[in-house]
Amino acid sequence: MSAVVGHPSAHLIDGSLYVFRAWHSMPDEFHDTDGHPVNAVHGFTRFLCELLEKVRPTRVAVAFDASLTSSFRNAIYPPYKANRELPPPDLERQFVLCRAIVEALGVNVMIDHSYEADDLIGSTLWSLRGHGVPSVIVSADKDFGQLLGEHDEQWDFARNLRWGPTGVHEKLGVHPHQVADYLALCGDAVDNIPGVPGIGAKTAAALLAHFGSLEALLDRVDEVPYLRLRGAATCAARLREHRELALLYRRITRIALDAPIADGVDALRRQPARADALDTLCEQLRFGPLTRARLRALADA
């Protein structure tokens, strides 16, 4: 269903991405009343304040990953994200505090142990689309390109870059509905998905431009040697050899649309802020007067 003109977009924020960014970019000089480091919380709170001040969204949610090892993808493919270091305890603790800030501001938090933030965002976007509500995904992650419909956008907040479905094609050379197939073919080093050996990004995009989908490519693999591709015969042999792996990788790269979420057109409406909880957090985190004033203004609004 296409978006109904007049519905303001829902903003779906990839929270874990911005906590990690704050952790890496903020100096290690912020500590709470117990002496624990809170640099990621300070950086994430500044980001969230800036976004809420700029957009004033009526429908908004922040999605977090519960863990790097507990999603359904790990059960299907154990090496998934095994290349990443687990967050140290100091950062785990800060994730909990970031969620507390979000909740105290009356913003919806989405988190699940079996589904990742991507899946919660995808399932929510899909649900809202059914109600005629467009979405803005606040993230720099290329995986989200597969979700964008005609009225949706992705927003890389740090670079202030926004794009819709045509922007996905400009960036990757494939259309949104082909992104999961594309990542299954050429791999995604960030998530430790190797892809089909010897098939790079350009070859994957060329194959999908010709065949349309991974299934069609695998069904018609005998046609691949006749394409004007460098190493086309080798490419066909690799596709035959790694057929089942390519299909497995696609189960990993495809964002789930059936994660447990709050359904309904008003599910993500911002709730009244909890002033007492905010004041307690400001004291505990030793926020400065500027951050306190920004949070108070957002709470009053």
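This is a predicted model: local features need pLDDT of at least 70, side-chain atom pairs count only at pLDDT 80 or more; totals for chains, interfaces and linings use all residues.
Helices (H or I, at least four residues) and strands (E, at least two) are DSSP runs numbered from the N terminus. The buried residues of helix 6, which spans residues 165-172, are G167, V168 and L172. Seen down the helix axis, these residues fall within an arc of 110° and so line one face of helix 6, the arc being that of the directions from the axis to the C-beta atoms. They pack against strand 6 (161-163), helix 7 (179-186) and helix 8 (201-211), contact meaning heavy atoms within 4.5 Å.

Residues are numbered from 1 along each chain as its sequence is written. Local features need pLDDT of at least 70 and side-chain atom pairs count only at pLDDT 80 or more, whereas totals for chains, interfaces and linings use all residues; side-chain values use heavy atoms, without hydrogens and water.

In helix 12 (residues 275-285), L278, L281, C282 and L285 are buried. Their arc around the axis is only 100°, which puts them on the same side of helix 12. Exposed D276 and T280 lie on the face turned away from that buried side. The buried residues of helix 12 pack against helix 2 (39-55), helix 4 (89-104) and helix 13. In the contact with helix 13, L278, C282 and E283 of helix 12 meet R292, L295 and A299. After helix 12 comes R286, with a positive phi near 55°.

How values were computed. Buried means under 20% relative accessible area, exposed over 50%, partly exposed in between (1.4 Å probe, protein chains only). Axes are lines fitted to C-alpha atoms, for helices over the stretch in contact, and angles run from 0 to 180 degrees between N-to-C directions.
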